[in-house]
Amino acid sequence: MDFTLSNEQRAWQMTARKFAEEEIRPLSLERDEIADPRETFDWEIIKKGSKLGFRTLAVPKEWGGHGTDFVTQALVMAELAKADSAISKTFSQCWKWSHLIAAACSEEQKRRFLKPFLEDDAFLLGKGISEPSAGSDNRLPPGDPKAGLKLKAERQGDHWILNGEKCFIANASVGKLFFIDARTDPNAPLRQGTTMFLVPRDTPGLRIGKVFNKSGWRFYQNGEMIFENARVPHANVVGAVNGSDMKSHAAGDRTGGDLFGDLELAANALGVCDDACAMALALARAKRQGGRALFEQQVIQLKLNKMHLLTEALRSFVMRVAWEHDHKVRSANAGLCMNFSTEVIQEVTEINLDLYANAGVLDRRAEKLVRDAIIWSHLAGDSVQRMKATRRLAN
Amino acid sequence: MYSLHLSPEQLQIRDTVRDFVARDIKPLALAPTRLEAPTRPLLVEALDKASHIGLRTLALSEGKSGAGADNLTCCIVTEELAVGDADIAAVLAHTSTLAGALFDSLMTPEQCARFLPAFLTEQRYHVALAEHEDGRDATLGVNYHRPQASEPPFSTAAVRTGDEWIIQGCKDRVVGASIAALFAVRATIGKGRATTLLVPRDAPGLTVMASENSQHWQHGACGSLIFDRCRVPAQNLLAADAALFSDHGRRIPQEQAITLGIGRAAYEAALDYAQLRVQGGRPLIEHQAIGAKLAEIAVRLEVARTAIWQAAWASDHPDAFTDGSLPDLPLTMITAVFASEAIYRAVKDAAECFGAMGVMRDMPLQKYVQDARICLHSGMGSSEAKLRIAEALARYRRPPSAAVLAAE
């Protein structure tokens, strides 16, 4: 057991910490409180972060990226999330699909798409899976071909014609390239009848609908993507036709899970917990009651204890999963860690808010952290995500 | 003697209010444009309608032209109202309870004669209690089980000058402040003695400022009052005010009824959705995972309601404590701790059934989560309540001199 970070890992962590504290934190609350969900986004912070490498962190070195390991990625996500969970997620969303490009795209596709992605500080990636009538059915597909996503793709010569609608798609309103899952065999069950396409934002027939107005993670853009006879070249098919399960298989993830995505949510949660712990401790030291610091009270100490023990347990789990990913150790741990992060981030941010509210201190950031944490309920900790992780144990 | 049968009148008023909420409040309260807005102003037209059917004067005695409802009935009504809108429920509950206390027992006949006619004729005449002060450190905290004072004096002070009281100070978290016509203001007179003054909204020197719910963790169109040499007639001093403000532990559990109503709204939405939405080849409710979750939500709501009804009934029958029928405990405070925590959990679970739709601002579930979170932090909060319950368990009594000592 060696918990020491390498010099390179430590350097990335420090760069991320500095950027998060100096650049992200000052605008975090301000962006969160903008009423119009299309206006919460800020290109300047993305471009600044991109210049430091936070957009292209996960692209392999041979393709001109930084080729960082999973441990580094976990450290950086947590540091960025400490200042703003949603901004951290906007960056790491690009890593998620960089992993996919590296693992699943052909050499020709990499040349076509990775190069512009690397060169453009405002080039963001996204992936479209969810649809109005298909959420959980995409995560744990039943055998029925009628279940799951319905966006249709039909071959027409050298092109595919896409028709249908995606919703809640991350980076929809700001991304330049999307991986889109579409049904290419309506008579087959989801996993056997779906193909993944690389769809640039300027594809004719693709438009972006509404941007969803979430209660938390407000910087992060989730939008509708509407396909009306959208023409996508056959050369943009990722992997094989009817073989969209690429995301997990090609990445060498035999657990059926999302190799990076599960770690991503857990690492992000860790950063938010670190922020909440720091806030709570600062309050307990500074705020006085009856001439004594709140920290002196037993009930306050017990709350701080709960926050810190959960946060440190999550840190251990996150770093272990990152290490296991780097050493190609495959297990249900990433999924379990993601599930666990839901409980931890919600409990820790709620205790923090409770401490502030009980002390009669209004703190909009304490409330923001709780709103951000609620997002984990459906992304990381709902019953489907839990059963999915459990089923890996039995495989 | 033990009976949970509601009277025909109680059943009737519950059903009437339930219909009223479904017809006149929910469509307004859940309009996507309203849900999406950063602030949600009080639905005053719906509030007026509620007043018109007698909900503003529910607790006022029949002799004073009210409905004379007991605390249990008031809690049943408040729950129903909160299913529609927590702010409307809070404003009506506070006005009704406070009006009952003021007009039926605390005001002199002369005071009643001055204030009651307008209260009865004007549908938008609300009354509000101004007690909380920013920075008034009333929490037990470090003073738990210690002889120090737990109730420091109000910094809002009134001085008698001729035939007027001159009030100076600030109050916040005043439920219904944005609409109330008359305030019952807690203030210090003389040597740290707390008393209550009746202050009309148009009293010279009074400024009312509205504030957002999330800024003070309290439902009910709250606001702050600023008294700058505010003048009211000498006759506006309440002679008898002890009853209204004593024993938080056994008062009417109306805040908890609001929490319950919010929980029920979330539960009903989740139950409907779970029967409509098909994933995994079946309606959600036919999946064990969702079925068990809905059951857990129902368990929390039913247990909370049982506790609320018991506390409400107990506040109607204080003799049940003395004759040993009920445990000698602060039942309302106990109910508050349970209901706020259990229902916050239940509402979060209900929202989870909606997947991503559960976090969208234009959808109802995130409002219920936010509303339940306000309940979690409103009032004294669970931590403080637990310390107070603990002192009650130990029968701890502060030496009577403690409050006086702290005041000097």
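Two residues are in contact if their C-beta atoms, placed from the backbone, lie within 7 Å. The model is predicted: local features need pLDDT of at least 70, side-chain atom pairs count only at pLDDT 80 or more, and totals for chains, interfaces and linings use all residues. Residues are numbered from 1 along each chain as its sequence is written, while chains are lettered from A and ligands numbered from 1 in the order in which they are written.

In chain A, 31 residues are in contact with 32 residues of chain B. Among the elements of chain A that each supply at least two residues of this side are α6, α10, α11 and α12; helices (H or I, at least four residues) and strands (E, at least two) are DSSP runs, numbered from the N terminus. The largest share, five residues, comes from α11(A). By type, the side of chain A that touches chain B holds 12 nonpolar, 12 polar and seven charged residues. Here Ala, Val, Leu, Ile, Met, Phe, Trp, Tyr, Cys and Pro count as nonpolar, Asp, Glu, Lys and Arg as charged, and the others, Gly among them, as polar.

| Strands | Sense | Bridges | Opposite residues |
|---|---|---|---|
| β1(A) (125–128), β4(A) (177–183) | parallel | four | L125(A), L177(A) |

Key. Two strands pair if DSSP finds at least two bridges between them.
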